[in-house]
Amino acid sequence: MKKIAFITLGCKLNYAETSTYEREFVRNGLQVVPWDKDADIFLVNTCTVTEHSDKKCRNIIRKLHRLRPEADIVVTGCYAQLKKEEISGIGGVRFVFGAEEKSRVVPAVMDYISGNRPQSSCETGMDRFFPAFSSGERTRSFLKVQDGCDYFCAYCTVPFARGASRNIPVARLVAQAEEIAAEGIREIVLTGVNTGDFGKSTGEKFIDLLKALNRVEGIERYRISSIEPNLLTDETVDWIASGTKFLPHFHIPLQSGSDTVLKEMGRRYDTAFFESKIRYIRERMERPGSLKVFFGIDVIAGFPGETGELFMETFSFLRDRIKPAFIHVFPYSKRAGTRAALRRDQVQDSVKTDRVRELELLSDRLHKEFIESNKGMKARVLFESSERNGMMAGYTENYIKVERPYDSSLTGRIAEIIL
Ligand code: SF4
C-alpha cells in the first residue's frame, strides 16, 4: 500500500482542499501518514500571498526531497499556478498542478501509481472548480463555496493564482453540508476567495445559498469566513438577524482606514460606507443584554504611498469608529505582476514593522474590551475535541474562546454558559 503525506500552507481554503484530497486518496486505497514517516508521495498545497509564502513553499519542497529523495512530490495551489516552471525544477517534484487543476490531482496520481501516466507533468488551466470541505475536526468543517476573484486589487496576486470567480450550484453545496452533518459535525464555516461573490457562474445569489444551508438538518451553526463589505448586503444582514443559524461573527477586510489609500488599492468602498455597514450590523444584531457582534477586520500596513499621516487615519478609524474585536494585520508585501509593485513610493520595511506592531497592540486592547463588554451574558459554546494540559476549549456564538477542564462527553456538544 502506497503511503502519502500532506503539507498545507496558506488559507482555510487550502486546508479544506487538502482534507478532501485525504478522503479521496484513502478511498483509492492509499495510506495517509505524517510527513516525517516514510511517505512514498508528498502532496504540498501551496500559497503565494506574500514573498515569504513563496520562500516557505520552496524550502519545504527542498526539505521533503532531502528527507526522502526516493519519494515523489506533487505540488498544487496558488504558488504552483504562478511559478510552475520554477517548482518543476526542484528535485523530487513529479507533478505540478495549478490552482485550477486541483480536480485532476487524484486521478493523475492514481494513474501514475498504476503505471498509466507519464513520469512527470506540469498542468495549469483556468476552468475548474474543485469542491472541498475539511473534516477530521469533529466539531467544525470549512466548506468551500466559491473560488477565484475578479476584483484585481492593486496589491493582490490571488486573481492570477486562483482565476476568475466561480462556484458550484447551491444544491451541490447543500449535499456537501449534508455529508458534513452525517459525520456528526455541528458547525460549518463558509469559505471562499471572495465568498460574497458566490453565484457568478450559476446565476444564484449568496443569500439563496445561506437560506438553503440554513435548512440542513444536523448543522446548528454557520460562520462566514470572510466577506467583502460591499457584498454583505443589508438584505443578507436582515435575514441573518432574523433568527438563523448564522452567528454574530463577521470577518470583513478593511485593508486601510484612509480613503486615499483605499482608492489607490482599488478597493470598492470608502470608509464612510464601511462604517455604515458595521453600524447597520450592530443595530440589527445587538440587543440590550445580547452578545456583541464579533468583527475581525483585515488591515494592510505600509501600502506604497502610506505616509505617517495616512497610517494614523487608519489607526484612529479603527480605534474610534469601528472598534472591532480583532484586527488581522499584515505588512504590505510587494508581489510581482501587481500594480502596487510598480510604485516607487514603497514604504521601508522597518516602518511597516512599526505600524504592524502599533495595530497589533491596538487589536489586543480592543479584544480585551470586547471580552469585557460580553461579561455576564449568556452564551452557547461548542466544545472541541482536542485536549491540552487537561483542558478543552470551545467558542461562543460570537467567537469568544472558553476553556474548561477536559470532559470527553462535552466534545461536539453545545453547552450554555455565563461569560
Ligand atoms: S478582493 Fe482584492 S484582495 Fe481579495 S482576493 Fe480579490 S483581488 Fe485579492
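This report describes the domains, ligand shell, aromatic pairs and selected residues of a predicted model.

## Basis of the model

The structure is a predicted model, in which local features need pLDDT of at least 70 and side-chain atom pairs count only at pLDDT 80 or more, while totals for chains, interfaces and linings use all residues. Residues are numbered from 1 along each chain as its sequence is written, and side-chain values use heavy atoms, with hydrogens and water left out.

## Domains

The chain is divided into domain 1 (3-123), domain 2 (140-373) and domain 3 (378-418). These bounds come from an automatic or database domain assignment. Between the C-alpha centres of domain 2 and domain 3 there are 25 Å. The contact between them takes 14 residues from domain 2 and 14 residues from domain 3, where contact means heavy atoms within 4.5 Å.

## Ligand shell

Which residues surround the ligand? They are C149, Y151, F152, C153, Y155, C156, V158, P159, V193, E228 and R267. A residue is near a molecule if one of its heavy atoms lies within 4 Å of it.

By class, the shell has nine nonpolar residues, no polar ones and two charged ones. Ala, Val, Leu, Ile, Met, Phe, Trp, Tyr, Cys and Pro count as nonpolar, Asp, Glu, Lys and Arg as charged, and the others, Gly among them, as polar.

## Aromatic pairs

The whole structure contains 16 aromatic pairs. Rings of Phe, Tyr and Trp (its six-membered ring) pair if their centres lie within 6.5 Å; planes under 30 degrees apart count as stacked, over 60 as edge-to-face and the rest as tilted. One of the pairs joins F152 and F160, whose ring centres are 5.4 Å apart with planes at 65°, so this pair is edge-to-face. F152, which also belongs to the ligand shell, is partly exposed at 36% relative accessible area. F160 is partly exposed as well, at 35%. Here buried means under 20% relative accessible area, exposed means over 50%, and partly exposed lies in between (1.4 Å probe, protein chains only).

A second example is F250 with F295: the centres are 6.2 Å apart and the planes at 25°, so the pair is stacked. This pair links distant parts of the chain, with F250 in strand β10 (residues 246-255) and F295 in strand β11 (residues 294-301), 45 residues apart. Helices (H or I, at least four residues) and strands (E, at least two) are DSSP runs, numbered from the N terminus. F250 is buried, with a relative accessible area of 1%, and F295 is buried at 0%. Ring pairs also link F294, F370, Y395 and Y399 into a cluster.

## Charges over rings

Two lysines are placed over aromatic rings. K12 lies over the face of Y15, at 5.7 Å from the ring centre. The charged end of K144 sits over the ring of F129, at 4.8 Å from its centre. A charge sits over a ring if NZ of Lys or CZ of Arg is within 6 Å of the ring centre and within 35 degrees of the ring normal.

## Helix α8

Is helix α8 largely enclosed or open? Seven of the nine residues of α8 (residues 206-214) are buried, so the helix is largely enclosed by the rest of the structure. The buried residues are F206, I207, L209, L210, A212, L213 and N214. Their cover includes β7 (140-144), α7 (170-182), β8 (187-191), β9 (221-224), α9 (234-241) and β10.

## Selected residues

Most residues other than glycine have a negative phi. Q255, in strand β10, has a positive phi near 75° and is buried at 9% relative accessibility. N389 has a positive phi near 50°. N389 lies in the loop between β13 (378-383) and β14 (391-395) and is exposed at 77% relative accessibility.

N230 is in the loop between β9 and α9 and is partly exposed, with a relative accessible area of 22%. Leaving aside neighbours within four places in sequence, N230 is in contact with Y151, R268, Y269 and F273. Q81, in helix α3 (residues 78-82), is buried at 10% relative accessibility. The C-alpha atoms of Q81 and A99, 18 residues apart along the chain, are separated by 5.3 Å.
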